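Here is a short briefing for a reader new to this structure. Look at the fold first, then take the points below by topic.

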Amino acid sequence: MLKGLYTAYTGMLDQQRRLEVTTNNLANSTTIGYKKEGSTSQAFDECLAIKIRDTSDTFSRRAIGNVALGVKIGETYTNYTQGSFRETGESFDLAISGKGFFNISYTNKKGVESTMYTRDGSFTLTREGNLVTKDGDFVLGQNGPIVLPTNAKITIDTLGNIYNGDELLDQIKLTDFEDYNYIEKFGENMYRTVNGAQGIEATGGINQGWLEMSNVQVVQEMVDMISIQRAYEAAQKVETSMDDMLEQTVTLGRL
């Protein structure tokens, strides 16, 4: 009976985690370049199967562990599918068609510089001619931060080459990764690498005058939210029923 309480509790905890992920997706449904998140969970039989297949321990009679029939909260993952494009006609609004990320020079509050990556191509040109993000971070080209003449008519081709008329000024740097498990979100729509990340040449092309929107499907997220709410309520009812049964058992034990 106590295990029943635990099972219901872990189910409620799992649905709460799913709800947090879903609401975050909805909050960023209009964030340029945002990639939706999802969450996973594992039941006891799945955890048991993983443990049985674990060959790192050669002792065949090892204990599997305590039997907990609840839900194990898994990981939160990112869906990197491409979002829809919106035409803006602005010279420094750029969208990547295919795989790859813009390289951004990011400086933290301590003054330490590092390279971040993003799909948000809503860039602007400062008075000094620096190409920057909406937060003021420098966009990187092949030779560092991109600096352009402020009075030029800039065109950018699909390879990221930046022209002033026929004059090649720079090339926007794109980077892709061999395994996206080695990058993590930083802020709303930037990413940073973790140990083991392997950068590779990006195969995506750049579209000038377009922006890649979030890949969140609002209707689907709302449907998921209703499903989560119903699952949470079901687990809550189970917990209430178990609590009532325990109360009756204690009452009977006193008679």
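Strands here are DSSP runs of E with at least two residues, and they are numbered from the N terminus. S105 has its place in one of them, strand β5. The model is a predicted one. Its chain holds 3 helices and 19 strands.

**Overall picture**

- The chain has 255 residues, and 34% of them count as buried.
- Take the contacts between residues at least 6 apart in sequence: 66% of them join residues at least 24 apart.

- How many residues does the largest nonpolar core have? The core has 20 residues. F102, F123 and I172 have the most contacts inside it.
- Strand β5 gives the most, with 3 residues.
- Leaving aside neighbours within four places in sequence, its contacts include L94, F102, L140, I156 and I206. G141, Q142, I146, G160 and I162 are also in contact with I172.
- A second core is separate and has 6 residues. Among them are F101, Y117, I183 and Y191.
- Is S105 buried or exposed? S105 has 12% relative accessibility, so it counts as buried.
- Beyond its neighbours within four places in sequence, S105 is in contact with E113, S114, D137, F138 and L140.

**Aromatic pairs**

- A search of the whole structure finds 8 aromatic pairs.
- One of them joins F101 and F177. The pair is tilted, with 5.9 Å centre to centre and 55 degrees between the planes.
- F101 lies in strand β5 and F177 in strand β14 (residues 174-177), so this pair ties together parts that are 76 residues apart in sequence.
- F101 and F177 are both buried.
- Y106 and F186 form an edge-to-face pair. Their rings are 5.1 Å apart centre to centre, with 75 degrees between the planes.
- What does this second pair tie together? Y106 sits in strand β5 and F186 in strand β15 (residues 183-186), so the pair ties together parts that are 80 residues apart in sequence.
- F186 has 22% relative accessibility, so it counts as partly exposed.
- One aromatic cluster is formed by Y80, F101, Y117, F177, Y180 and Y191.

**Salt bridges**

- The count of salt bridges comes to 6.
- E212 forms one with K35, and the closest N and O atoms are 2.5 Å apart.
- E212 lies in strand β19 (residues 210-212), while K35 lies in the loop between α1 and β1 (37-42), so the pair ties together parts that are 177 residues apart in sequence.
- Both E212 and K35 are buried.
- E212 also forms a salt bridge with R119, where the closest N and O atoms are 2.9 Å apart.
- This pair, too, links distant parts of the chain: E212 is in strand β19, and R119 is in the loop between β6 (113-118) and β7 (124-125), 93 residues apart.
- Why does E212 count as buried? The relative accessibility of E212 is 0%, and buried means under 20% relative accessible area.
- R119 has 5% relative accessibility, so it counts as buried.
- K35, R119 and E212 are linked in a network of salt bridges.
- E184 forms a salt bridge with R192, the closest N and O atoms being 2.8 Å apart.
- E184 counts as partly exposed at 31% relative accessibility, and R192 counts as partly exposed at 32%.

**A nonpolar patch on the surface**

- Which residues form a nonpolar patch on the surface? Y6, Y9 and L13 form it, with about 290 Å² of accessible area together.
- Y6 lies in helix α1 (residues 2-27).
- The relative accessible area of Y6 is 42%, so it is partly exposed.

How values were computed: Residues numbered from 1 in each chain as written. Predicted model: local features only at pLDDT ≥ 70, side-chain atom pairs only at ≥ 80, totals over all residues. Heavy atoms only, no water. Patch = residues over 30% accessible without salt bridge, like charges linked within 9 Å, V, L, I, M, F, W, Y side chains within 5 Å. Areas by Shrake-Rupley, 256 points an atom, 1.4 Å probe, with all protein chains shown as cover. Salt bridge = Lys/Arg side-chain N within 4 Å of Asp/Glu carboxyl O. Helix = DSSP H or I, 4+ residues; strand = E, 2+ residues; numbered from the N terminus. Buried < 20%, exposed > 50% of the residue type's maximum accessible area, 1.4 Å probe, protein only. Core = buried A, V, L, I, M, F, W, Y, C linked by side-chain atoms within 4.5 Å. Contact = heavy atoms within 4.5 Å. Phe/Tyr/Trp six-rings, centres within 6.5 Å; stacked < 30°, edge-to-face > 60°.
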